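Please keep the sequence and the coordinates in view while reading.

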Amino acid sequence: MTVNGWLQIALFCAITLLLTRPLGGFLTKVYSGERTFLHPVLAPVERSFYAIAGVRPDRDQSWSAYAIAMLALHVVGFLAAYAVLRLQGALPWNPQGFAGVTPDLALNTAISFLTNTNWQSYGGETTMSYGSQMVALTVQNFLSAATGMALAVALIRGFARKSASGVGNFWADLTRSVLYVLLPACIVLALVYVALGVPQTLQAYASAKTLEGAGQTIALGPVASQLAIKMLGTNGGGFFNANSAHPFENPDALANLIQMVSIFGIGAALTNVFGRMVGDERQGWAILAAMGALFLTGVAVTYWAEAAANPIHVALGVDPSAGNMEGKEVRFGIALSSLFAVITTAASCGAVIAMHDSFSAIGGMIPMINMQLGEVIVGGVGAGLYGMLLFAVVAVFVAGLMVGRTPEYAGKKIESREVKLTMLALLCSPFATLVLLAVAATSAAGLAGLLASGPHGFSEMLYATTSAAANNGSAFAGLTANSPFWNVLLAIGMMIGRFALIVPMLAVAGSLAAKTRVPASAGTFPTHGGLFVGLLIGVVLIVGGLTYFPALSLGPIADALATSAGQTF
Amino acid sequence: MLSHLRPALALFVLFTLVTGVAYPLAITGVAQVAMPVQANGSLIEKGGAVIGSSLIGQGFSSPRYFHGRPSAAGKDGYDASASSGSNLGPNAKALAERITGDVAKVKSEDGISGAAPADLVTASASGLDPDITPASAYLQAPRVARERAMPEPEVRALVDRLAQPRVFGVLGEPRVNVLALNLALDSKR
């Protein structure tokens with residue numbers, strides 16, 4: 001570990017924190033329907049969208065209507081994305097002449113982008129036409145991110161409103177997320193990325209004759225426009241197979257810094273939106289503090305693990321001073337590669353600038369744990385906040401049990417119905433992860449995809465089902481997941497991880513919105529102080545730790561012991 | 001459900017047109033006019049022919065050139081239409097065998113006695129890493145100078161000139177672009 005490495009980590013944290021409050025103020029205005037500096041240009045567009053779609057933005061929906069609207073959009077989106085992928089051979093913007101995508105891969109990919117997972121069973125530059133990247137994948141990047149943001153705001157309204165029958169209007173929340181937040185930011189970001197070297201063209205791949213006379217085909221495409229939303233929307237699906245490790249998808253450390261801040265920016269700001277909407281910004285800062293403590297712990301462990309060289313390789317004559325450079329890029333080095341791996345899995349992004357499969361056993365375990373904790377460390381846009389608020393409900397419930405009082409959170413009484421629904425939402429992802437892992441580990445078709453043998457092979461499977469159920473999308477990419485078995489298995493995981501969490505979460509929102517607000521009294525457990533932050537961290541770690549420790553001990557922990565003993569497989 | 005169908009269909013079509021067609025095409029248009037070099041892949045031309053991209057690594061095996069990192073992209077490495085890392089795990093036997101070979105290669109080519117620099121014997125994440133560390137370039141300078149019958153200080157001066165520091169002195173790691181280095185060598189003859 002170096003001083004400069006920690007300086008970069010500190011710089012990233014500082015920029016993210018500085019953005020939280022201004023961006024939170026802007027988002028609060030957008031979701032409250034107030035005017036922002038973008039309204040003179042965009043308000044007419046917004047109104048025309050509502051007119052065409054027959055939407056009345058100020059008409060509140062009950063939680064169930066909100067959920068059905070969200071699901072209706074997903075049904076339409078799935079059918080369209082699946083059709084585009086299957087038919088890409090006959091559609092425009094296909095200069096490489098790629099054939100239609102196979103049914104199982106199209107199913108997996110459509111669900112993957114629909115659920116904000118962006119798991120990639122394919123290599124972008126060898127499979128997807130420019131048309132598919134734009135019309136199927138970029139569109140879903142916007143809509144899945146906007147959906148996450150809308151859902152978080154719906155849950156926030158559950159806390160903020162009193163005796164209300166509705167949680168907002170899904171169509172208005174969706175439209176505002178795209179028009180006022182994601183699209184304007186992406187236009188700016190995409191042009192900055194081009195300036196830094198990211199290609200943006202519809203021309204076919206370039207042919208070069210290298211200095212030594214070999215042929216080199218250089219894949220190109222409309223990369224910058226997709227990269228911008230891929231990071232800002234915490235989608236993470238790479239234009240290229242190597243994702244943001246590809247020099248065209250991340251040309252230098254400045255582009256990399258912008259990408260890292262993009263991943264956390266909106267998620268961190270939403271904690272501030274929560275604070276503002278419930279009338280006490282400290283509530284938002286407490287949530288962010290819990291996230292920050294978990295985040296920095298993960299960064300420290302991963303950076304420490306990757307900065308140490310692999311003893312097996314040192315014995316073979318590799319200089320240990322540079323750390324574990326297998327699967328990492330020289331321009332990023334150990335510090336940024338470690339930081340990015342923690343950011344991308346703390347959020348539900350899943351973009352990578354280094355290959356997690358080649359991380360040390362412990363360095364690769366932290367990304368897994370981040371996802372297994374529910375991606376609540378800032379988390380996916382929207383998804384991180386609503387995930388963490390569900391943990392907060394559990395935390396105040398535990399505190400209530402200890403003192404024998406009905407728990408309250410942000411002015412709302414937390415009662416039996418909310419706690420039951422919350423546990424249902426929180427258990428769906430571990431359920432999907434572990435059951436699908438068991439299915440894969442006990443079937444020949446599952447084991448056929450492994451690159452590694454020994455405990456690392458188990459880690460490849462554990463990472464895959466974890467990533468799918470947590471809607472992350474990063475991988476231990478040695479696993480060959482483009483088989484009907486893995487495509488279907490992981491599609492099931494992604495669906496459960498997204499929708500089985502969202503629907504009960506919305507039910508909690510509806511149930512909370514209907515309650516009156518209770519004024520804080522002397523007996524109220526304060527949820528903006530250090531005690532609450534500590535309790536929240538404890539609940540997240542205990543739920544995640546108890547659930548996953550057995551699986552982790554068979555994979556990365558066994559892997560670490562084997563590596564330190566010098567054993568290869 | 002049916003009452004949700006019209007907004008679902010209408011908004012999906014509108015957003016597809018805006019975010020899936022208009023947005024990427026508009027960015028393409030602006031980028032092609034304002035920043036055509038970057039937008040088209042930062043390609044390098046020499047005598048009218050494209051010889052590569054300044055951002056994309058390529059394979060070098062001749063002793064007259066600086067060598068980049070091992071690459072797992074495509075069958076023969078540095079396939080810029082099939083980016084990939086090795087994805088071999090920390091205790092993979094295949095990785096240990098590959099590294100053994102790469103260490104032996106670096107040692108025999110450059111006649112070093114100590115440990116091999118990590119970047120020269122590990123595959124990058126993309127398989128297209130265009131850079132090596134300045135230390136790894138200096139290590140190759142004696143061999144390149146000998147093969148080209150150039151004074152070694154002249155070769156080292158080229159590395160000095162082309163080495164890129166951290167962005168703003170803080171971000172990333174110091175590096176040298178191997179293709180830029182080899183182009184500069186060729187232009188000296």
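Directly after α19(A) comes G566(A), a residue with a positive phi near 75°. Helices (H or I, at least four residues) and strands (E, at least two) are DSSP runs, numbered from the N terminus. Helix α19 covers residues 530–564 of chain A, and its end C-alpha atoms are only 38 Å apart, whereas a straight helix of 35 residues would span 51 Å at 1.5 Å a residue. That expected span is 1.5 Å times one less than the number of residues. Within α19(A), a kink of about 60° is located at L552(A), shortly before the proline P556(A); the bend at a residue is the angle between axes fitted to the seven residues ending there and the seven starting there.

The model is predicted; local features need pLDDT of at least 70 and side-chain atom pairs count only at pLDDT 80 or more, while totals for chains, interfaces and linings use all residues. Residues are numbered from 1 along each chain as its sequence is written, and chains are lettered from A and ligands numbered from 1 in the order in which they are written. The scores of the model are ipTM 0.97 and pTM 0.97. For chain A the average pLDDT (the predictor's confidence in each residue, from 0 to 100) is 96, and 100% of the residues score at least 70. Confidence in chain A is lowest in strand β3 (residues 408–409), with a mean of 93, and highest in helix α7 (residues 170–196), at 98. Chain B also has an average pLDDT of 96, with 99% of its residues scoring at least 70.

Chain B is assigned domain 1 (2–37) and domain 2 (43–188), with bounds from an automatic or database domain assignment. The centres of these two domains of chain B, taken over C-alpha atoms, are 40 Å apart. Strand β1 (residues 43–46) of chain B pairs with β2(B) in the antiparallel sense over 4 bridges; pairing requires that DSSP finds at least two bridges between the strands. L43(B) faces S53(B) of β2(B), and K46(B) is opposite A49(B). The hairpin has 2 residues between its strands, and G47(B) there adopts a positive phi near 60°.

Between the chains, 90 residues of chain B are in contact with 106 residues of chain A, contact meaning that C-beta atoms, placed from the backbone, lie within 7 Å. The largest share of chain B's side, 22 residues, belongs to α1(B).

Key:
Contact = placed C-beta atoms within 7 Å.
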